[in-house]
Amino acid sequence: MSGQDMLKIENKIEIETPIDHVWSVLVDRERYSEWNPVIYSQDGILQRGCKSNMRINPGLFPMNVSIVYRHVKENQELSWFGGPPLVKGFHYFRLEKLDNGNTKVIHGEEFGPLAAFLSWLPIITIVNSKYKKSDRALKARCESLHSLLNISEQSKGDNKKKLTKQKTKKKQEA
């Protein structure tokens with residue numbers, strides 16, 4: 001299949017969070033409904049070659065679809081093949097660690113020649129808009145969880161300092 005025969009959506013977003021934190025949000029499928037405006041739920045084993053059922057709303061209306069995981073590579077790629085019967089596609093999230101410690105997420109889907117033949121371009125435009133919204137939601141989710149984790153870590157550090165000061169003070173008083 002040549003690139004001319006396919007319709008493709010691909011978006012990139014930088015998330016100010018380490019790659020392992022982004023990965024943990026992507027594989028926490030039970031919580032997708034809390035942040036993801038496209039994928040509401042998934043079931044099945046998260047492993048290459050395993051089937052899963054998803055409840056999604058890629059644009060016009062919610063639907064149930066079946067998928068098969070293609071890649072589940074920790075901190076690198078989560079992808080699957082599936083979707084509505086006539087326009088199944090290859091959906092992916094690819095992660096890249098940036099020099100500044102942040103993560104670049106490349107999120108996309110490649111639709112087969114039937115989607116191009118059916119002139120799905122207006123619908124793909126709607127789907128792309130929804131995917132961009134999903135990318136922004138992923139960024140917000142990852143960065144807010146990372147911020148909470150940093151506050152928690154900072155709080156632990158502050159508590160250790162207080163404890164050390166209290167021990168020092170007790171030693172001085174003794």
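A contact, as the word is used in this report, means heavy atoms within 4.5 Å. The structure is a predicted model, in which local features need pLDDT of at least 70 and side-chain atom pairs count only at pLDDT 80 or more, whereas totals for chains, interfaces and linings use all residues. Residues are numbered from 1 along each chain as its sequence is written, and side-chain values use heavy atoms, with hydrogens and water left out.

**Overall organisation**

The chain contains four helices and seven strands; these are DSSP runs numbered from the N terminus, with helices (H or I) of at least four residues and strands (E) of at least two. Their order along the sequence is β-α-α-β-β-β-β-β-β-α-α. Of the 174 residues, 37% are buried, a term that means under 20% relative accessible area, with exposed meaning over 50% and partly exposed in between (1.4 Å probe, protein chains only). Among contacts with a separation of 6 or more, 50% join residues 24 or more positions apart.

**Strand pairing**

Two strands pair if DSSP finds at least two bridges between them.

| Strands | Sense | Bridges | Facing residues |
|---|---|---|---|
| S1 (residues 7–15) and S7 (residues 103–111) | antiparallel | nine | Leu7 and Phe111 |
| S2 (residues 39–42) and S3 (residues 51–56) | antiparallel | three | Ser41 and Arg55 |
| S3 (residues 51–56) and S4 (residues 63–73) | antiparallel | six | Met54 and Val65 |

S3 and S4 are joined by a hairpin of six residues.

Asn128 belongs to helix H4. Residues up to four places away in sequence being set aside, Asn128 touches Ile9 and Asn11. The side chains of Asn128 and Asn11 form a polar contact of 2.9 Å, that is, a pair of N or O atoms within 3.5 Å; within protein, one must be able to donate a hydrogen and the other to accept it, and residues adjacent in sequence count only if both atoms are side-chain atoms.

**The nonpolar core**

A nonpolar core is a set of buried Ala, Val, Leu, Ile, Met, Phe, Trp, Tyr and Cys residues joined through side-chain atoms within 4.5 Å. The largest one has 33 residues, of which Leu26, Trp80, Val105 and Leu138 touch the most other members. Helix H4 (residues 121–173) gives this core its largest share, six residues. Beyond its neighbours within four places in sequence, Leu138 contacts Ile15, Val25, Leu26, Trp35 and Val105.
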